[in-house]
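The following exercises concern a single protein model.

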Amino acid sequence: MIRLSKSTVGDAEKAAVCKALDAEYLGMGDEVRLFEEELAAFVGGDRHVIAVNTGTAALHLALQAAGIGPGDEVLVPSITYVACFQAVSAVGAKPIACDVLQETLFLDSSDAQKRVTKATKAVLPVHYASDSQHIPDVYRFAESYGLSVVEDAAHSFGCERDNLRIGASGNLVCFSFDGIKNITSGEGGAVITGDSELAERIRDARLLGVQKDTEKRYQGGRSWEFDVSSQGYRYHMSNIMAAIGRAQLTKFECSCSKRQRLVSNYLNLLEDLPEVKPLPLNYQHNMSHIFVVKVDPLKREGLRSHLLSQGIETGVHYFPNHWLTYYKSDYPLPCTEKVYSEILSLPLHLDLKFEHQLIVVDEIKRYLK
Ligand SMILES: *Cc1c(COP(=O)(O)O)cnc(C)c1O
């Protein structure tokens with residue numbers, strides 16, 4: 001079976017977990033503090049990093065810190081993981097599904113603009129397939145309407161834009177370190193911001209709103225007498241997770257060039273196959289989390305079944321959220337609906353080999369002939 005995606009961990013991660021277990025301090029302590037410091041150094045710039053237990057929790061806390069709550073509306077591309085929509089409804093706000101750009105599947109700022117109302121408070125762009133070339137458009141549009149921006153950078157850890165790593169700039173940037181993302185901490189995520197007040201709010205909210213509990217935990221203690229002045233959650237990261245994340249971070253250069261090589265192999269192999277069109281993304285500066293191509297919508301499901309019958313898993317990222325019962329919209333999103341029928345994600349993970357890619361492309365050719 002050639003899998004669509006998988007976790008890849010080795011001796012370094014195993015040793016790191018054993019070390020964390022041997023320390024017999026499994027909760028949020030030194031490992032998490034070090035992981036946060038290393039992440040801040042990695043992205044560069046003068047940034048605050050707050051590690052949490054999932055990317056979804058990162059989005060939820062970022063939205064809460066931005067002051068989004070009941071009665072507010074948040075503009076979200078319909079093609080994204082449902083985590084974005086759930087994070088918005090978790091703060092009591094309403095996700096407003098927006099259309100995406102046909103070529104890159106990134107949030108269409110001009111469509112989002114049409115959906116602004118008095119209740120609109122924020123926009124949540126997604127770095128779809130690790131690309132964020134259109135982020136400046138989102139900030140321009142958000143500024144003109146006085147909206148907060150929360151970036152879903154779950155796909156783009158380790159990527160660059162304008163010679164800066166993702167996370168080095170931006171209001172509130174959220175990463176996911178779940179098992180199949182560019183780096184993993186088992187499960188996990190982080191919010192990165194340059195604003196110390198927002199960072200403080202997020203730090204408290206990940207530990208049940210207990211004020212300044214993070215500092216105590218990083219000294220191996222905890223707060224006994226404390227105050228709580230806002231809603232918080234048990235969203236902190238554990239030392240075990242951080243130990244895995246730190247080991248993964250040391251392998252970053254290797255994993256990044258491997259993913260880039262795999263993507264460039266696909267681009268070369270698909271060059272003489274006009275029926276299979278890779279998205280026109282900024283691949284040289286991306287560390288691709290998924291590799292998405294467009295195919296004839298009438299052939300997509302047949303192709304997927306054929307590939308599966310040959311032991312090749314594929315995916316479709318993502319089912320439009322405005323079609324879900326909980327988030328149904330009463331308006332169509334033409335571009336979203338069109339591209340949804342065309343997209344196909346091919347296998348991409350660190351254990352994929354060139355021979356596997358040859359098989360994948362050969363089987364695609366065989367089906368389309
Ligand atoms: C993975 C992912 C998330 C959520 O991250 P988890 O760590 O799985 O909670 C959010 N948005 C997108 C686009 C993702 O791919």
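**Exercise 1. Describe helix 4 and the residue that comes after it.**

Solution. Begin just past the end of helix 4, where Gly92 has a positive phi of about 90°. Helices (H or I, at least four residues) and strands (E, at least two) are DSSP runs, numbered from the N terminus. The model is predicted: local features need pLDDT of at least 70, side-chain atom pairs count only at pLDDT 80 or more, and totals for chains, interfaces and linings use all residues. Residues are numbered from 1 along each chain as its sequence is written, and side-chain values use heavy atoms, with hydrogens and water left out.

Next, list the buried residues (under 20% relative accessible area, with exposed over 50% and partly exposed in between; 1.4 Å probe, protein chains only). In helix 4, residues 82-90, they are Ala83, Cys84, Phe85, Ala87, Val88 and Ser89. Finally, identify their surroundings: these buried residues pack against helix 3, strand 2 (73-77), strand 3 and strand 5 (148-152).

**Exercise 2. Determine whether the length of helix 9 agrees with expectation, and how far helix 9 is enclosed.**

Solution. The expected span of a helix is 1.5 Å times one less than its number of residues. Now consider burial: nine of the twelve residues are buried, so helix 9 is largely enclosed by the rest of the structure. Among them are Asn239, Met241, Ile244 and Gln248. The cover over the buried residues of helix 9 includes helix 1 (11-22), helix 2 (30-43) and helix 10 (252-269).

**Exercise 3. Characterise helix 11 from its start to the residue that follows.**

Solution. At the start, a side-chain oxygen of Asp296 comes within 2.8 Å of the backbone nitrogen of Leu298. Helix 11 has 13 residues, 297-309, and reaches 19 Å from its first C-alpha to its last, close to the 18 Å expected. Arg300, Leu303, His306 and Leu307 are buried in helix 11. An α-helix has 3.6 residues a turn, so residues three or four places apart point the same way. Helix 12 (334-342), strand 12 (343-346) and helix 13 (354-368) are included in what covers the buried residues of helix 11. After helix 11 comes Gly311, with a positive phi near 80°.

**Exercise 4. Locate Phe106 and state whether Phe106 is buried or exposed.**

Solution. Phe106 sits in the loop between strand 3 (94-98) and helix 5 (109-114). The relative accessible area of Phe106 is 1%, so Phe106 is buried. Phe106 and Ile79 are 27 residues apart in sequence, yet their C-alpha atoms are 8.5 Å apart in space.

Terms used: Contact means heavy atoms within 4.5 Å. A polar contact is a pair of N or O atoms within 3.5 Å; within protein, one must be able to donate a hydrogen and the other to accept it, and residues adjacent in sequence count only if both atoms are side-chain atoms.
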